[in-house]
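This report goes through one protein model, starting from a single residue and widening to the whole chain. The sequence and structure come first.

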Amino acid sequence: MTTDVAVVNGVTINHQAVLKALNLNPADPNTQALLVVCDRYGLDPLLKHMVLIQGTPYITRDGYLAVAHRSGVFDGMEVLDQSVDQTHYIATFAAYRKNMSHPFTFVGRFPKHTTMANDVRPDTPVKVAGV
């Protein structure tokens, strides 16, 4: 998204209008930081590889997976544990590389009080952003 307007398959695309449709303000330095990181690492804001959470650029699980798959050494991942406490949804996962004998593990937390979290029904599996 380096130019303001482009033609894709014969359709004129206004990138600033697309950003606004994604609730991203092109004049906001946080949006600009998000776009710089997306450009540097080949991430796509349209695919939600990166989002703003409370104004801070955040690489999502799909963004990390895009980078991992491009690396050529990604060997899968698994959710080890899911839980909920009074304030957060919590998940622990392991990511595997073909060239390492042990996985990287990570505990992700997602606050319950956000709009996205309010859309999660209590009987559905927990999905944690960034995990």
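Thr92 is part of strand S6, which covers residues 88–97. The model is predicted, and the values below are computed from it. The relative accessibility of Thr92 is 18%. Because the cut-off for a buried residue is under 20%, Thr92 counts as buried.

Which residues is Thr92 in contact with, leaving aside its neighbours within four places in sequence? They are Glu78, Val79, Leu80, Asp81, Phe106 and Val107.

**Strands S5 and S6**

Strand S5 spans residues 74–84 and runs antiparallel to S6, with 8 bridges joining the two. One of the residue pairs is Ser83 with Ile90, its bridge partner in S6.

**Helix H3**

Helix H3 takes in residues 61–71. Its buried residues are Gly63, Ala66 and Ala68. What do the buried residues of H3 pack against? They pack against strand S4, residues 56–59, and against S5. After H3 comes Gly72, which has a positive phi, near 80 degrees.

**The nonpolar core**

The largest nonpolar core consists of 7 residues: Leu19, Leu24, Leu34, Leu35, Cys38, Leu43 and Met50. Helix H2, residues 29–41, is the main contributor to this core, giving 3 residues. As a general point, an α-helix has 3.6 residues a turn, so residues three or four places apart point the same way.

The elements named so far have these residue ranges.

| Element | Residues |
|---|---|
| Helix H2 | 29–41 |
| Helix H3 | 61–71 |
| Strand S6 | 88–97 |

**The chain as a whole**

The protein chain has 4 helices and 7 strands. Along the sequence they follow the pattern β-β-α-α-β-β-α-β-β-β-α. Of the 131 residues in the chain, 26% are buried, and Thr92 counts as buried. Among contacts between residues at least 6 apart in sequence, 30% join residues at least 24 apart. The chain exposes about 8,900 Å², and carbon and sulfur atoms supply 55% of that area.

How values were computed. Residues are numbered from 1 along each chain as its sequence is written. This is a predicted model: local features need pLDDT of at least 70, side-chain atom pairs count only at pLDDT 80 or more; totals for chains, interfaces and linings use all residues. Side-chain values use heavy atoms; hydrogens and water are left out. Buried means under 20% relative accessible area, exposed over 50%, partly exposed in between (1.4 Å probe, protein chains only). Contact means heavy atoms within 4.5 Å. Accessible areas come from the Shrake-Rupley method with a 1.4 Å probe; for residues, only the protein chains shown count as cover. Two strands pair if DSSP finds at least two bridges between them. A nonpolar core is a set of buried Ala, Val, Leu, Ile, Met, Phe, Trp, Tyr and Cys residues joined through side-chain atoms within 4.5 Å.
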